[in-house]
Amino acid sequence: MSNEKTFNVAVVGATGAVGEQIIRLLDERNFPIKELKFLSSPRSAGTKIRFKDRDITVEAATPDSFKGVDIALFSAGGDVSKELAPIAAAGGTICIDNTNAFRMDPQTPLVVPEVNIEEVHKHKGIIANPNCSTIQMVAALKPLYDRFGISKIIVSTYQAVSGAGSKAIDEMLRQSREALAGNPVNPDILPVGSLPVKHQIAFNAIPQIDKFLDNGFTNEEMKMINETKKIMNDESLEVTATCVRIPVVYGHSESVYVELKEDFELEEVRSLLAGAPGIVLVDNPQEQQYPLATEATGKLETFVGRVRRDLHNKRALNLWIVSDNLLKGAAWNAVQIAEYFAQNK
């Protein structure tokens, strides 16, 4: 992008997986930067990160880090966001937060640009990025919601280990080597939850992401349920989710059953999806063409396929939705919001 106006930008969590992707996108898309700060925990301070033709030293994030900063992109964990984002916002910084800290705050817009970009104008200094698995689902369902209405969504996710961080990736690769060599597999990271019990992720599927709540759902599942209603601005939506961690490095996949409020023709559904912003329709099962996590990795779009009418409910559809969880599911969604501000400031 190009813009005559330039901005002082900070990336909080610059050394993490999402932070790295944010920095890459700011570079590749020529975001109009005047001054750029990389912020992190004290243990990562002093690291140098290359941006365009220079090395920038990472600084420890403190309440004083945001003086003069126009836009800050946070991806350093919920506790850091809760502590520092309100301070930055009070000083005039627009904070785009990738964590769960403010998503369900009634005063904080929860934004997917292809779905509800107009909500950013209601911000009070902080805009929240939804959960990665929520983002790709609502981006795909928005054109159907607008045309037909939606009454019910049932989603099962197949989520990559990168959603649990770099240590989870390392664990999956280590366990794979151990299992293939016929050695004992020793889990230490997954599932991330309130109990010390851990399970093998290599060659396995773990039906738990985040801790279990009293209602039997996990925190991840409730994020999808509550965030979808907020983003669609529709509390009448019936949403249920089962979230599963699988041994894939990048790219979340989702099987989605959706009940529409009106009759539909499949060709119109496919046409709506093919023409929707940020959506790529890959739906030619006769040629074995459908979205794959391996092919979505590194891409900014959300991929949709396996589009078919339900066998028992003529107003229901089944879809397969895939996206790179670190890009559209996190970094790219945040940078899109920042670009919108830069273009409309």
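1. Ser253 sits across from Val322 of strand β14. The model is a predicted one, and this residue pair belongs to a stretch where β11 (residues 252–260) and β14 (residues 316–323) run antiparallel, joined by eight bridges.

2. Both strands are part of an open sheet of six strands with mixed pairing, ordered β10-β9-β11-β14-β13-β12. The edge positions are taken by β10 (238–245) and β12 (279–281); each has a single partner strand, so one side of each lacks a neighbour in the sheet. On average, neighbouring strands here are turned by 20° against each other, with direction ignored.

3. Helix α4 (residues 132–148) packs on this sheet. Its contacts are with β9 (150–159), β11, β12, β13 (302–309) and β14. The direction of α4 makes about 25° with that of β11.

4. Helix α7 (residues 266–275) also packs on the sheet, where it touches β12, β13 and β14. The angle between the direction of α7 and that of β13 is about 175°.

5. The largest cavity has a volume of about 40 Å³.

6. Which residues line the largest cavity? They are Ala164, Leu190, Pro191, Val192, Ile206, Gln208, Ile209, Asp210 and Arg245. By class, this lining comprises six nonpolar residues, one polar residue and two charged residues.

Definitions and conventions
Residues are numbered from 1 along each chain as its sequence is written. This is a predicted model: local features need pLDDT of at least 70, side-chain atom pairs count only at pLDDT 80 or more; totals for chains, interfaces and linings use all residues. Side-chain values use heavy atoms; hydrogens and water are left out. Two strands pair if DSSP finds at least two bridges between them. Helices (H or I, at least four residues) and strands (E, at least two) are DSSP runs, numbered from the N terminus. Axes are lines fitted to C-alpha atoms, for helices over the stretch in contact, and angles run from 0 to 180 degrees between N-to-C directions. Contact means heavy atoms within 4.5 Å. On a 1 Å grid over the protein atoms alone, a cavity is a set of points where a 1.4 Å probe fits but cannot get out, and a pocket is an open set with protein on both sides within 12 Å along at least five of seven lines; lining residues have an atom within 4 Å of a point. Grid points are joined across faces, edges and corners, and a volume is the space filled by probe spheres set on the points. Ala, Val, Leu, Ile, Met, Phe, Trp, Tyr, Cys and Pro count as nonpolar, Asp, Glu, Lys and Arg as charged, and the others, Gly among them, as polar.
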